[in-house]
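Here is a short report on a protein model. Look at the sequence and structure first, then read on.

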Amino acid sequence: MSWYIGTLEEVEAYNAKVNEAKAYKGSITSNWANPRQHPDGSKWAIAANNSIEPQEESNLIFEVQLSDDWTPEVEL
Amino acid sequence: MANSNNWGEIYKSTWWGDEDWSANSLKIDSAPPGFAEQNLLLGSEELNKAQDGQWIQRLISSVTADDEVAPIGGETTAESVAFTANKQSRIEQLVTLVAGTEYTFSVWAKATGGSPQSFRLSYYDNTAGSGARENETAPTSWDATTGRATMTFTAASSGTYWMRIQNASAGAAQSIYFWGAMLNEGAAAGDYIKTTFAVGPTDPPVANAQFGDNFGRVSAYYSLRQFTTAEETNAIRVRRSSDDTEQDIGFDANGDLDTTALLAFVGTGGTDNGAVTTFYDQSGNGNDATNATESEQPLVVSGGTLVTIDGYPCLDGDIGADTMLQALDVIDTVGDVAIFSTYALKTDGTTANQITFEIGNGTSSHRIHDTLGRGGAGTFGIDIRGATNYDFGNATGVAVDDIYLNSILSETNGFYINGTQQTSNNAVRSGSTVDALTLFNRGGGAFPYKGKFFEFIFFASDQSSNRTGIETNIDTYFDIV
């Protein structure tokens with residue numbers, strides 16, 4: 001799965017666009033993806049839908065996969 | 001009154017029903033209305049006999065023979081049946097029925113104490129993989145006329161059926177006298193016919209029932225095999241990728257996932273995916289594990305092909321995103337628990353820190369982790385967090401695509417892999433305050449398990465005495481060891 005990286009507002013706007021396009025018909029599914037914050041708090045990621053591009057004015061950056069620094073160590 | 005008319009024997013007919021009749025013919029006739037030709041149940045007054053071919057007991061507390069004078073007949077006595085607080089608690093007998101034939105199942109019932117008791121009459125069609133039930137009430141006194149509970153149904157298949165007398169309450173034990181069980185053809189219970197079990201060798205052993213037919217007090221049961229033959233349940237709710245519609249998928253006649261219905265719904269084209277939106281809790285406790293977010297739902301069909309390991313359907317967490325299914329409010333405070341999770345790796349084991357499940361409240365202070373890769377590549381570990389943290393296990397030698405069973409029990413039973421104890425340390429932090437159960441991740445996400453899940457069974461009770469039996473049941477089905 002690929003990802004878009006940006007601010008919280010940008011990834012939420014992308015998610016809203018996908019949800020509008022999908023118009024889910026099932027009784028359970030109602031959302032495309034949840035924004036994921038980088039462990040250092042500086043940026044956000046959201047799963048990319050291969051059929052739907054971000055808004056033209058968006059500054060989201062496309063990544064084929066998230067780098068390891070997006071996964072924190074398990075807390076001990 | 002017992003039938004003394006010898007219906008079913010050869011006699012000169014005075015009742016000819018819908019057939020043409022010749023005054024000079026001898027016929028093997030059917031009984032007229034109100035007269036049952038035959039009681040298809042054996043041991044109609046021997047409900048305490050529990051050998052193969054008799055009244056099999058499932059999750060029963062006790063059956064006491066000859067405990068009460070019967071409602072009719074005078075010289076006979078009734079058995080008392082003590083059901084445990086479980087709707088699967090029952091006695092049952094296997095019969096062979098004919099498709100399209102109407103049958104009536106009946107029994108007299110009376111509460112053993114001063115309060116009416118609830119129970120069910122039910123049947124399960126082993127060919128169709130379905131059944132039906134009716135709730136009944138056992139009054140506090142016998143009534144030979146009106147005190148007979150009855151259930152009429154038409155057999156959908158020709159083959160074997162379980163005829164069941166069972167508890168109707170999941171939350172309360174019931175104690176009831178039963179007498180005169182009968183199954184006859186027709187739309188009403190016929191005159192009672194006593195039957196007995198033959199003396200001598202019994203029928204061949206019956207097949208094992210499902211997990212829930214053997215083990216009670218299950219708090220949550222998620223699996224692609226059926227929990228109990230006593231209830232019709234669904235395994236999963238699936239969203240198909242072609243149009244995002246969803247459908248429940250249940251089980252076939254053998255209690256296995258109905259893969260025919262699944263693939264018919266999802267499709268078998270190269271772009272057809274089936275994602276699991278709900279992993280149903282089949283225990284009846286309502287702890288369904290769900291996820292409303294598409295990109296986090298595990299797959300059960302990928303590219304038009306059923307996801308399997310060794311032929312067993314399973315849920316695949318390797319979807320590239322933050323996979324999880326979550327049930328809220330599964331348990332409030334950890335006391336005695338027992339957890340049995342069955343899964344298989346998909347990656348080569350080099351990815352550390354994949355959390356297969358978490359029982360926790362979303363904070364870091366109270367939770368149970370079962371973590372892949374804690375001790376390095378290809379390891380299992382358990383992380384228990386509470387007033388004191390435990391971090392142990394880390395068994396090595398975990399192989400790709402092998403099916404593993406992890407057992408985690410409270411007190412001194414510790415942590416097991418495939419039935420072998422890894423530690424006897426207390427694997428549960430009693431007193432921890434928790435709420436949610438998360439599969440494929442921790443509650444807060446970010447540690448998706450990229451392997452496959454077959455089954456997850458959770459008991460909020462001590463099951464140390466049942467551990468080997470439970471592990472044997474799981475191993476028998478999944479052929480793990």
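## A buried threonine

B:Thr423 has a relative accessible area of 11%. The cut-off for buried is under 20%, so B:Thr423 counts as buried. This value, like the others here, comes from a predicted model. B:Thr423 is found in strand E29 of chain B, which runs over residues 420-423.

How far apart are B:Thr423 and B:Thr150 in space? The C-alpha to C-alpha distance is 53 Å. In sequence, 273 residues separate B:Thr423 from B:Thr150.

## Chain B overall

Chain B has 31 strands and three helices. Of its 481 residues, 55% are buried. Take the contacts in chain B between residues at least 6 apart in sequence. Among these, 70% join residues at least 24 apart.

## A buried asparagine

B:Asn39 sits in the segment before strand E1 (56-58) of chain B. Is B:Asn39 buried or exposed? Its relative accessibility is 4%, so B:Asn39 counts as buried.

The side chain of B:Asn39 has polar atoms placed against the backbone. One polar atom of this side chain lies 3.0 Å from the backbone nitrogen of B:Leu41. A polar atom of the side chain of B:Asn39 also lies 3.1 Å from the backbone oxygen of B:Ala181. Leaving out residues up to four places away in sequence, B:Asn39 touches B:Ser44, B:Ala181, B:Met182, B:Leu183, B:Tyr192, B:Ile193 and B:Thr195.

## Aromatic pairs

How many aromatic pairs are there over all chains? The count comes to 28. One of them joins B:Phe83 and B:Phe178, edge-to-face.

B:Phe454 belongs to strand E31 (residues 452-459) of chain B, and B:Phe478 to helix H3 (residues 467-478), 24 residues apart. B:Phe454 and B:Phe478 are buried.

## The cavity

A search of the whole structure for cavities of 30 Å³ or more finds one. The largest cavity holds about 60 Å³ of space.

Which residues line the largest cavity? They are B:Ser122, B:Tyr123, B:Tyr124, B:Gly131, B:Ala132, B:Arg133, B:Arg164, B:Thr229, B:Ala230, B:Glu231 and B:Glu232. Strand E6 (117-125) of chain B supplies at least two residues of this lining, and so does strand E7 (130-138).

Key:
Residues are numbered from 1 along each chain as its sequence is written. Chains are lettered from A and ligands numbered from 1 in the order in which they are written. This is a predicted model: local features need pLDDT of at least 70, side-chain atom pairs count only at pLDDT 80 or more; totals for chains, interfaces and linings use all residues. Side-chain values use heavy atoms; hydrogens and water are left out. Helices (H or I, at least four residues) and strands (E, at least two) are DSSP runs, numbered from the N terminus. Buried means under 20% relative accessible area, exposed over 50%, partly exposed in between (1.4 Å probe, protein chains only). A polar contact is a pair of N or O atoms within 3.5 Å; within protein, one must be able to donate a hydrogen and the other to accept it, and residues adjacent in sequence count only if both atoms are side-chain atoms. Contact means heavy atoms within 4.5 Å. Rings of Phe, Tyr and Trp (its six-membered ring) pair if their centres lie within 6.5 Å; planes under 30 degrees apart count as stacked, over 60 as edge-to-face and the rest as tilted. On a 1 Å grid over the protein atoms alone, a cavity is a set of points where a 1.4 Å probe fits but cannot get out, and a pocket is an open set with protein on both sides within 12 Å along at least five of seven lines; lining residues have an atom within 4 Å of a point. Grid points are joined across faces, edges and corners, and a volume is the space filled by probe spheres set on the points.
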